[in-house]
Amino acid sequence: MLQKICPHCGKNVIESYGILNPYLYGSKMQKCKNCGGEFFDNRWREVALQGFDPIQLTQEPQACQSFGLGGVAASFIGFRMRGNMDKLVDPNIVNLCLAGFLILSLIIFLQYLRHKLGFIQRKNERYMMESIQRLRNPEYVELLLSHNIKVPEEYMPGSGDQE
């Protein structure tokens, strides 16, 4: 992850989006958690203008399901067969590797469930609505334009299409 330095206080902006928003969907105006100053951050994706990250849209939920379930099954088989592996490798290493593989497989399977149950789609719909709301603010649109961000005519101040 790239570092971002606050132009107001000079401190590194510590991002807290983590796993919840890895694609940085949101406003290009960010607030420093250290000093409270606002600054423009082009790393963030305004989805009404730029769309969703193509990597997210091409993820195959079925692959997550297959790998996740296969990994969980392989982990349990590995735990059952670890007695044979203990003779070749330190049993603690075997157990640690199998536990790590099981946890990774469960995370992948949970990601599949998030897709399948519609959590990701609903979250993306929320990101889109928030983005459209921001673009209805003429001051925000002017800010984007001042940073050479292309804004469709429908969001331009005074276009008449705004509600």
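Is R43 buried, partly exposed or exposed? R43 counts as partly exposed because its relative accessibility is 22%; buried means under 20% relative accessible area, exposed over 50%, and partly exposed in between (1.4 Å probe, protein chains only).

This is a predicted model, where local features need pLDDT of at least 70, side-chain atom pairs count only at pLDDT 80 or more, and totals for chains, interfaces and linings use all residues. Residues are numbered from 1 along each chain as its sequence is written, and side-chain values use heavy atoms, with hydrogens and water left out.

**View A. D41 and R43 join in a salt bridge.** A salt bridge here is a side-chain nitrogen of Lys or Arg within 4 Å of a carboxyl oxygen of Asp or Glu, and the count comes to 4. For this pair, N to O is 2.8 Å. D41 has 1% relative accessibility, so D41 counts as buried.

**View B. D53 meets R45.** Their salt bridge spans 3.9 Å, N to O. Both residues, D53 and R45, are buried.

**View C. E46 pairs up with R134.** Here the salt bridge is 2.8 Å, N to O. The pair links distant parts of the chain, 88 residues apart: E46 sits in the loop between β2 (38-40) and α1 (47-50), and R134 in helix α5 (residues 119-135). Helices (H or I, at least four residues) and strands (E, at least two) are DSSP runs, numbered from the N terminus. E46 is buried, at 0% relative accessibility.

**View D. L24 has a positive phi.** The angle is about 55 degrees, although L24 is not a glycine. Look for L24 in the segment before β1 (29-31).
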